[in-house]
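Here is a short tour to read with the model open beside you. We begin with charged pairs and then step back to the overall fold.

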Protein chains: 2
Amino acid sequence: MKLTPSQIDRFREDGFLILPELFSPAEVAAMRDAAAVVFAEDDPGNIREKLSGEVRTAMGIHLRHETFARLTRHPRFVEPAMQLLGDDRLYVQQVKINTKAAFEGEIWQWHYDFATHHREDGVPEPLALNLHVFLDDVSEFNGPLYFIPGSHKHGPASTILDTTTTSYPLWVVDRDTVARLAGERGLVSATGRAGTALIFGDTLVHGSPPNLSPWDRRIFSVILNPIANATTKAQRPEYKHHRDLTPVAALADACLLAAAPVAAE
Amino acid sequence: MKLTPSQIDRFREDGFLILPELFSPAEVAAMRDAAAVVFAEDDPGNIREKLSGEVRTAMGIHLRHETFARLTRHPRFVEPAMQLLGDDRLYVQQVKINTKAAFEGEIWQWHYDFATHHREDGVPEPLALNLHVFLDDVSEFNGPLYFIPGSHKHGPASTILDTTTTSYPLWVVDRDTVARLAGERGLVSATGRAGTALIFGDTLVHGSPPNLSPWDRRIFSVILNPIANATTKAQRPEYKHHRDLTPVAALADACLLAAAPVAAE
């Protein structure tokens with residue numbers, strides 16, 4: 001799968017792409033089955049909400065379930081990533097499902113991923129791409145990501161470490177900066193049917209509201225980073241930044257479907 | 001001002017009406033000037049956020065500022081209310097601005113107003129109408145009201161008193177009921193430009209998310225209730241349910257504009 005020139009232009013301009021229903025209902029069903037398995041595990045990669053104790057993030061899941069091992073190497077993720085980065089030697093930096101349980105899911109403060117990748121993991125440059133697929137329909141009501149379009153163009157914004165708002169310590173962007181960036185081009189909420197994919201870069205400022213609705217919101221995420229730009233610090237747990245720098249190779253397009261061959265043809 | 005038959009039908013079916021830009025920019029400017037005055041007051045009717053201490057709700061403001069005294073008797077509120085209730089003897093039950101400060105405004109849990117009006121104030125029947133006007137543009141990003149359309153048709157849902165989630169004790173609807181009601185017709189977020197008005201009934205289930213955006217969200221609200229259905233308990237402060245049962249008379253349509261005559265012609 002290749003992105004079109006206009007998709008690439010839009011990515012450079014906005015800092016993100018929304019790809020409606022990139023994965024089929026059958027593929028999403030396989031992801032949901034696998035999600036139920038990993039969420040039920042008592043695993044240190046399952047990080048729970050501060051208030052409710054529900055799983056907020058399940059990490060390292062490509063090492064915990066074959067479906068996520070395949071999804072991490074899915075050509076609809078890997079090929080656009082290689083294309084956008086102009087680099088076919090990428091490693092799997094992080095693999096997770098961020099969930100927002102109905103009525104319970106809490107916010108993610110305004111942040112961009114490179115603040116953490118750089119400070120915590122010693123990643124030199126903001127090159128990593130975050131590739132998402134929705135396991136549930138995502139609407140304005142169940143905690144979509146909010147993107148600040150164009151915010152990646154200003155270079156990494158200044159950040160402060162917030163260890164109190166939620167259970168997950170996060171380098172967050174200060175309010176004056178958010179107000180200035182959002183004042184230019186507004187905010188965009190990344191919504192769509194289950195199977196919809198997102199691609200966004202390492203300095204795009206984003207956040208997300210809580211889920212007040214009666215509908216769960218689960219999103220799978222894989223971060224791919226050039227091996228030439230790999231982590232230089234190993235202070236966080238392995239499931240937050242993997243040390244295995246094996247280059248990712250795309251599998252076959254049908255790799256998530258039960259009877260399909262796994263290897264690329 | 002009269003509602004059209006199709007607006008009345010929609011109100012009966014959905015439980016609410018959204019009236020885009022019912023008030024002009026000049027009228028909204030007058031409301032904003034008045035809001036700045038009442039928010040700056042040290043008044044027991046100014047209820048503050050649990051976390052930030054910012055004003056969350058400013059109550060009794062028709063007794064604190066002439067602009068809100070007039071807005072409470074504005075014909076674009078009073079005449080539709082009389083029309084929907086088939087009753088021209090209404091009293092001013094409550095007058096407030098609910099604000100959600102940029103970055104700070106917290107949620108309102110799922111609730112309907114009659115639960116509080118009945119239990120706390122001894123109002124016999126769910127007849128009161130809640131009439132809103134936006135002092136700011138309200139989008140999906142700055143904490144709009146979420147309505148469950150048709151939820152008023154099921155009669156008052158069961159409720160429990162929540163005294164912990166925010167600074168404002170509230171009789172809230174349980175999650176199973178919210179899930180069942182929202183499962184029928186989904187959710188609607190009440191958004192629009194400043195000056196947009198809302199009318200909704202006493203058993204319509206609604207809630208609202210926090211304001212993560214850099215944009216304030218202020219909404220004026222007046223609750224009008226038939227005098228024949230008046231409060232029978234005076235346990236809450238006067239600013240939460242006024243005891244003055246003087247019938248409301250509509251002023252002139254231009255009453256908010258500085259040089260205009262106040263009395264109806």
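## Salt bridges

Over all chains, a search of the whole structure turns up 24 salt bridges, a salt bridge being a side-chain nitrogen of Lys or Arg within 4 Å of a carboxyl oxygen of Asp or Glu. One of them pairs Glu27(A) with Arg76(A), whose closest N and O atoms are 2.7 Å apart. This pair links distant parts of the chain, with Glu27(A) in helix α2 (residues 25-39) and Arg76(A) in helix α4 (residues 75-85), 49 residues apart. Both Glu27(A) and Arg76(A) are buried; buried means under 20% relative accessible area, exposed over 50%, and partly exposed in between, using a 1.4 Å probe and protein chains only.

In chain B, have a look at Asp253(B) and Arg76(B), which form a salt bridge with the closest N and O atoms 3.0 Å apart. Here Asp253(B) sits in the segment after β13 (217-226) and Arg76(B) in helix α4 (residues 75-85), 177 residues apart. Asp253(B) counts as partly exposed because its relative accessibility is 42%, and Arg76(B) counts as buried because its value is 10%.

Another pair in chain B is Arg218(B) with Asp136(B), at 2.7 Å from N to O. Arg218(B) belongs to strand β13, and Asp136(B) to the loop between β6 (129-134) and β7 (145-147), 82 residues apart. Arg218(B) and Asp136(B) are both buried. Back in chain A, salt bridges with shared partners join Glu27(A), Arg76(A) and Asp253(A) into one network.

## How the model was handled

This is a predicted model: local features need pLDDT of at least 70, side-chain atom pairs count only at pLDDT 80 or more, and totals for chains, interfaces and linings use all residues. Residues are numbered from 1 along each chain as its sequence is written, chains are lettered from A and ligands numbered from 1 in the order written, and side-chain values use heavy atoms, leaving out hydrogens and water.

## Fold and dimensions

Chain A has 6 helices and 13 strands, taken as DSSP runs numbered from the N terminus (helices H or I, at least four residues; strands E, at least two). Along its principal axes, the C-alpha trace of chain A spans about 50 × 40 × 35 Å.

Buried residues make up 60% of the 265 residues in chain A. Among contacts in chain A with a separation of 6 or more, 83% come from residues 24 or more positions apart, where contact means heavy atoms within 4.5 Å.
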